[in-house]
Amino acid sequence: MHKFTNTLTPAQVYRYAVECCQPHLKLRDAKRVTARMLLTILFAAAARISSLSDTCKRLRGVPDEEVVAAALYETLPDYNLLKRRVNAALAGHLPKPLRKQAQIVALDLTLLPFYGADAKENDQIYRSQAKRGTCSFYAYASAYIVHKGQRYTVALMAVTRKQTMEDVTKELLRQVRKAGIHVRFLVLDRGFYSVAVIRYLQAARMPFLMPVVGHGRKPDHPLGPSGSQVFKAMKRSGWFEYTLSDPRKRTATVQICVKCRNRRGARGKKGREPWIYAYWGIGPKRFDWVKDTYRSRFGVETSYRQMNQCRIRTTTPRFAVRFLYVAIGFLMRNLWVWLHYAVLSSPHRGCRRYNLDRLTLRTMLLWLQEVAFSMYELVKIALCERSVPERLTC
């Protein structure tokens, strides 16, 4: 039976959150809004999954939303400087074991829908396949480390229309190395599958693993499959070599792993299903190892879902402000992972046993909101023009 001699309180979590963000973000005091007040309002807005405006209306002891927004815009640097500060904050409290040995790093891209009228003219908007009723998005790329079941965000950047996936890969790798992380190999999303990215990684001697995107005639075509679609027609697992090309006549050669399995009625389908992966610089010996290693990247999707649970909502067109709100979501999640690593885990034969039920991410956010309410008081009335009846009437 465990003996608990220490406790973690909302005030301590708030202090950790300030220490995680303020030394790196370097928010400045304004006339009516101090840096501590501004950071507290941002924490409350993230915890409520709400906007800065709505959060200011709910806190009695803070100025109105226009004053707070003006203070934020005044203290916020340009995007490039803000990006450096955010990545310094992400790398500031990583566990030491992450830097002692080479790590498997996952790169991924998240898209937040944009429905503005200037989507085609705005260079800050990323265009992609239709999703949630639009082809326009604010895009953010991130690098993750999955270490003993815990996922740490170590690099973050915004992606614009003018940037290629090769540019994104270069920048993320640069930020990962700057954080002191040695890369064992990369696990990439299918969006990185291109000749340019593969050629860059091979020139940089960086091993990688990614899924293959099907190109060419499909297996049900009268002339038979062609290109990488040939692998989708296979019924047996195997190892292959494949050369892909792009419109600029550049080529890149990769190794292919085809892992086939029986569907057994999954999603209403039967027969054999191939999973196709491209890799280079690593020497896998088992098909299941390739499949399981890539599937570990799916934890990134969970991280994005949790980031959205603490992302401040906004309609502002200010690029740096939007990036800050996304960054705060990732910083809050990193703080939650750090708490479980350094405070809430149990010693277990030279390692740590994680107890995620002791403090969920949602509970941590509610604690931060509770601290904000205790500092500035919650508005508990709603203004109305009609008289309030004593009883419920028809």
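Which residues have the most contacts inside the largest nonpolar core? In this predicted model, they are Leu 42, Leu 186, Met 332 and Met 364, within a core of 127 residues. A nonpolar core is a set of buried Ala, Val, Leu, Ile, Met, Phe, Trp, Tyr and Cys residues joined through side-chain atoms within 4.5 Å. Buried means under 20% relative accessible area, exposed over 50%, and partly exposed in between, with a 1.4 Å probe and protein chains only. Helix α12 (residues 319-342) gives the largest share of this core, 17 residues. Apart from this core lies another, of nine residues, including Val 187, Cys 257, Tyr 277 and Tyr 294.

Residues are numbered from 1 along each chain as its sequence is written. Local features need pLDDT of at least 70 and side-chain atom pairs count only at pLDDT 80 or more, while totals for chains, interfaces and linings use all residues; side-chain values use heavy atoms, with hydrogens and water left out.

The protein chain has 13 helices and eleven strands. Helices (H or I, at least four residues) and strands (E, at least two) are DSSP runs, numbered from the N terminus. The C-alpha atoms fill a box of roughly 75 × 60 × 50 Å, taken along the principal axes. Of the 394 residues in the chain, 50% are buried. Among contacts (heavy atoms within 4.5 Å) with a separation of 6 or more, 61% join residues 24 or more positions apart.

Helix α2 covers residues 35-48. Its 14 residues should span 20 Å at 1.5 Å a residue, and its end C-alpha atoms are 20 Å apart, which agrees. The expected span is 1.5 Å times one less than the number of residues. Twelve of the 14 residues are buried, so α2 is largely enclosed by the rest of the structure. Among them are Met 37, Leu 38, Leu 42 and Phe 43. The cover over the buried residues of α2 includes α1 (10-25), α3 (52-58), α4 (65-75), α12 and α13 (361-376). Just after α2, Ile 49 takes a positive phi of about 50°.

Val 176 belongs to helix α7 (residues 165-178). Val 176 is buried, at a relative accessible area of 1%. Ser 142 sits in strand β3 (residues 134-147) and counts as buried, at 0% relative accessibility.

The largest pocket has a volume of about 680 Å³. Leu 109, Leu 111, Ser 128, Lys 131 and Asp 189 are the closest to its centre, of the 21 residues that line it. Two or more lining residues come from each of β1 (103-113), β2 (126-131) and α11 (299-308). By class, the lining has eight nonpolar, five polar and eight charged residues. On a 1 Å grid over the protein atoms alone, a pocket is an open set of points where a 1.4 Å probe fits, with protein on both sides within 12 Å along at least five of seven lines; lining residues have an atom within 4 Å of a point.

Note on methods. Points joined across faces, edges and corners; volume = space filled by probe spheres on them. Nonpolar A, V, L, I, M, F, W, Y, C, P; charged D, E, K, R; others polar.
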